[in-house]
Structures are given as structure tokens and as C-alpha cells.
Amino acid sequence: MMPMLRLLLPGFLMLLGLSCQPPELTIGVMSFGTLSTGEVVEMVTLRSANAEAQIMTYGATVVSIKVPDRDGNIGDVVLGFESLEDYLGENPYFGSIVGRYGNRIANGRFVLDGQTYTLARNNGPNHLHGGIKGFDKVNWTRAATIREHDRVGVQLVYVSAEGEEGYPGELTVRVTYSLKNDSRLIVDYEATTTEATPVNLTQHSYFNLGDGGDILEHELRLAASHFTPVDSTLIPTGEIRSVEGTPFDFLTGTAIGARINNANQQLVYGGGYDHNFVFDREPGADTTLVAQVRERSTGRILEVYTTEPGIQFYSGNFLDGSITGKGGQTYGPRSGFCLETQHFPDSPNKPDFPSTILRPGETYATSTVFAFRTE
């Protein structure tokens with residue numbers, strides 16, 4: 001090809017509406033089913049050189065992430081289902097975006113600017129993951145597909161009405177999933193509101209980097225020397241406690257199952273790990289590495305980067321074998337783990353925790369990266 005033609009070709013392709021991204025990057029959209037309302041649920045498939053991610057509009061849900069093991073064998077590393085009907089049934093938030101407030105709010109209530117707001121109590125006495133019909137149970141709008149030289153992606157939008165699930169203000173949420181050729185799945189969140197409201201969005205994928213079974217031999221490292229202990233209903237007490245000398249010390253890589261059955265009151269409350277960890281960094285820091293998980297038999301490694309101040313590490317304690325997922329797998333206790341980047345649980349009722357209140361004129365903006373590689 002002549003040098004001048006080589007220089008002009010990218011611009012010419014753009015004029016034609018064609019993509020200049022490397023041939024490894026592709027994006028496809030298809031129907032995944034129809035809701036009882038008649039709404040069509042779309043499945044968006046993002047492919048890069050070494051990874052594939054499928055995102056459906058219902059719940060802005062990550063349905064699958066396929067990456068190779070050290071021998072090049074491709075495996076799906078997130079729990080979930082093969083049909084929309086299954087996602088509409090018994091579903092412990094597999095892969096969903098949860099909100100308006102991810103995690104728990106004590107007694108389903110909070111006071112904001114002198115006014116008390118009452119929310120659904122859908123987790124014992126507490127409010128969990130946005131309530132009875134949170135963001136995981138609505139069909140988001142596919143606002144845009146993204147085709148750039150280094151990534152493919154999809155932007156999903158949901159407008160949460162004023163008063164929905166008891167929250168004040170109309171909240172407009174945009175979540176963008178991007179897949180890059182280096183096997184990074186990037187989740188960018190943005191939200192604006194018409195009234196002051198708490199906002200705490202997170203991604204609720206359950207990971208298993210092995211070839212099935214439980215996740216107890218996965219080695220976890222967290223850049224967190226403190227965590228927020230909870231009461232018997234899993235609401236933080238308000239204390240920020242050192243992990244030193246406790247089963248919550250993951251400052252060096254440790255098998256998830258190494259201490260999970262210790263007679264520690266915090267582990268008894270959650271039936272294992274279901275706790276918020278506090279990162280060792282200054283508030284407002286850029287996206288940094290906060291978690292790493294190794295699975296020795298496959299060689300897969302997951303690294304999590306985020307701008308958030310905390311992460312909920314959940315070891316899948318409430319999976320009880322009653323759910324059958326992909327390929328007929330039975331999801332028993334601890335068959336997947338969650339690393340939910342977030343602000344802290346019950347922050348609207350804990351003035352000493354970082355604020356989760358979004359006000360008109362402000363923009364909620366945060367980012368999390370799930371990066372995959374092998375060793």
C-alpha cells in the first residue's frame with residue numbers, strides 16, 4: 001500500500017461509517033427475550049482478542065465473561081443463567097447493576113436534610129440493593145454502542161422516577177461497559193439527580209476462576225488494612241476496625257477458605273465473608289489496584305481497580321444448591337465470590353462514613369476495572 005493511501009484510509013473509513021478498531025474487537029446485538037410488558041431485552045456481545053463479555057439490558061447484567069486459562073482453554077468465569085426466564089426467577093443478583101443504593105440501609109430508613117425517608121425492608125429488618133424492584137429488575141435502555149480503536153462497549157441508561165422504592169428525586173443513571181484487547185472489562189458509572197438522594201451503585205457479578213466447584217482455594221489479596229464490622233443483621237456498627245490478627249487480613253494472598261470457618265463472631269454473623277473492606281488510600285484517588293484473586297489450577301488471575309473507597313467481599317454463603325445455572329451447574333455454598341466496589345453500607349445513617357449523597361448540579365462518577373490474565 002502506498003504511504004499516502006495508508007494515511008488516508010482510516011479517515012476514509014470513518015467517512016463511510018466503518019470502524020477502524022483492530023479486527024479482534026467486535027460488537028454484536030441480538031434479542032435475548034421479551035418481558036411481560038412487551039419490552040425486548042437485548043444481549044450485547046463484546047469481543048476482544050482474548051476475551052468475550054455478554055451484557056443484557058435487563059438489570060444491565062453481565063451474563064458471561066469468557067477468558068482463557070494458562071493452556072488457552074476458554075471458560076466462563078461468572079455465575080448466571082442461559083435464559084431470560086431464569087433471570088426473572090430466583091436470582092441472587094447474578095451479574096447485575098444494583099442500586100439506587102447497593103448494599104444495606106439499616107431498618108429501611110434514613111434522614112436527609114431533616115426529612116425521613118422510608119424504604120422497603122427486603123432483607124430482614126433492612127433495605128438491600130435498592131429494594132423490591134431495584135435497578136437489577138428493570139430493563140435498561142441501550143443508549144449507544146461504542147466502537148473505537150482500542151475498545152468496544154455499550155452504554156445503558158435508566159431513569160429512576162422520583163419516589164421509586166422510596167428514594168427522593170429523579171435519578172438518571174448511565175453505565176458504560178467497555179472491553180479492551182488487554183482483557184479489561186471497564187465499568188463506568190454516571191448519575192445526576194433532581195433532588196438530594198443517596199446513590200451507591202455497584203456491579204454484582206459472582207466469579208469463579210476455576211472449572212466449577214467452590215471458590216475456597218482461590219487466593220485473595222485486598223489492599224485494605226481495615227474493615228467495617230457488622231451486627232447480627234449485617235449492618236455496620238460504625239467502627240472501622242484493623243484487620244490485623246483477624247480472619248479479615250488479606251493484605252497478602254490467602255485462600256478464601258483458609259479461615260472462613262473460624263469461630264469469629266463476624267464470620268458467624270455472615271456465614272462467612274459478607275463485609276465491607278476499607279482501602280488504604282486517600283479519598284478521591286484515581287483508579288488503583290485494590291484486589292487480586294488467583295486460581296492456581298487454571299492459572300487465571302482477576303485484578304480489580306476502582307475509584308471507590310471500599311469493596312464488599314462476599315463469599316457466596318447464601319447460595320444453597322437450590323439454583324441451577326449455566327450448563328446444569330448446581331450453585332452450592334461458596335461456588336462464587338463477589339467483589340462489589342462501593343461506598344460503605346448504611347452510609348446515609350453513618351455520618352462518619354464517606355458521604356453517598358448526590359445533589360442537583362453534581363455528577364456521580366466512578367469507575368471499576370475487572371482485568372484478567374494468566375500465569
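Lys137 and Asp136 form a salt bridge, with their closest N and O atoms 2.7 Å apart. A salt bridge here is a side-chain nitrogen of Lys or Arg within 4 Å of a carboxyl oxygen of Asp or Glu. Asp136 is buried, at 5% relative accessible area, while Lys137 is partly exposed, at 30%. Buried means under 20% relative accessible area, exposed over 50%, and partly exposed in between (1.4 Å probe, protein chains only). The model is predicted: local features need pLDDT of at least 70 and side-chain atom pairs count only at pLDDT 80 or more, whereas totals for chains, interfaces and linings use all residues. Residues are numbered from 1 along each chain as its sequence is written, and side-chain values use heavy atoms, with hydrogens and water left out.

By this rule the count is 17 salt bridges. Glu219 pairs with Arg296, the closest N and O atoms lying 2.9 Å apart. This pair links distant parts of the chain, 77 residues apart. Glu219 is partly exposed, at 23%. Arg296 is also partly exposed, at 45%. Shared partners join Glu219, Arg294, Arg296 and Glu375 into one salt-bridge network.

The largest pocket is lined by 26 residues; Pro92, Tyr93, Leu128, Tyr314 and Phe318 lie nearest its centre. A pocket is an open set of points on a 1 Å grid over the protein atoms alone, where a 1.4 Å probe fits, with protein on both sides within 12 Å along at least five of seven lines; lining residues have an atom within 4 Å of a point. The second largest pocket is lined by 23 residues, with Glu308, Pro309, His343, Pro354 and Ser355 nearest its centre.

Terms used
Helix = DSSP H or I, 4+ residues; strand = E, 2+ residues; numbered from the N terminus.
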